[in-house]
Amino acid sequence: MAMERKYVEKCPRCGGTVIEKEVTELLYGGVNTAILRVKAGVCELCGERYYTPDKVRQFEEIETKLAQQDTTEFEPVGQSFQVVLTS
Ligand SMILES: [Zn+2]
């Protein structure tokens with residue numbers, strides 16, 4: 001069975017090789033943040049990440065839920081704090 005190619009083979013930005021890797025992605029919606037562990041195509045040279053259209057759609061759904069405070073299915077991992085530096 002041939003491996004399905006999900007990502008571009010060569011990075012459109014720098015021509016580097018794109019490999020599949022698990023990465024950490026931050027998603028924001030309203031005042032909420034979600035930390036995602038997700039597989040992405042990552043360029044070995046410049047580090048640019050490429051996601052499948054399916055993943056992008058899932059990200060948008062998560063961001064909408066974050067914005068609507070609909071976070072019951074997400075696991076809380078800590079608190080976020082806002083710090084304003086005045087100088
Ligand atoms: Zn690249």
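**View 1. Q69, an exposed residue in a predicted model.** Q69 counts as exposed, at 52% relative accessibility; exposed means over 50% relative accessible area, buried under 20%, and partly exposed in between, with a 1.4 Å probe and protein chains only. This is a predicted model, in which local features need pLDDT of at least 70 and side-chain atom pairs count only at pLDDT 80 or more, while totals for chains, interfaces and linings use all residues. Residues are numbered from 1 along each chain as its sequence is written, and side-chain values use heavy atoms, with hydrogens and water left out. Q69 lies in the segment after helix 1 (53-67); helices (H or I, at least four residues) and strands (E, at least two) are DSSP runs numbered from the N terminus. The phi of Q69 is near 60 degrees, a positive value in a residue other than glycine. Most residues other than glycine have a negative phi.

**View 2. The zinc site.** C11, C14, C43 and C46 coordinate the zinc ion through their SG atoms, at 2.3 to 2.4 Å. Donors are N, O and S atoms within 2.8 Å of the metal (3.2 Å for Na, K and Ca); water is not among the atoms, so sites may look incomplete. The site is tetrahedral, with angles of 100 to 116 degrees among the four donor atoms; four donors count as tetrahedral if all angles lie between 85 and 135 degrees. The donor residues follow the spacing C-x2-C-x28-C-x2-C in sequence. Distant parts of the chain are linked here: C11 is in the segment before strand 1 (18-29) and C43 is in strand 2 (residues 32-43), 32 residues apart. C11 is buried, with a relative accessible area of 3%, and C43 is buried, with a relative accessible area of 3%. The count of disulfides is zero, a disulfide being a pair of cysteine sulfur atoms within 2.5 Å.

**View 3. A nonpolar surface patch.** L26, Y28, I35 and V77 form this patch, with about 450 Å² of accessible area together. Patches are made of residues with over 30% relative accessible area and no salt bridge, with nonpolar side chains joined within 5 Å and like charges within 9 Å. A salt bridge is a side-chain nitrogen of Lys or Arg within 4 Å of a carboxyl oxygen of Asp or Glu. Areas come from the Shrake-Rupley method with a 1.4 Å probe. Y28 is in strand 1 and is exposed, with a relative accessible area of 52%.

**View 4. R13 and E48.** R13 is in the segment before strand 1 and is exposed, with a relative accessible area of 59%. R13 and E48 are 35 residues apart in sequence and 8.1 Å apart in space, C-alpha to C-alpha.

Methods. Tetrahedral: all angles 85-135°; square planar, octahedral: opposite > 155°, others 65-115°.
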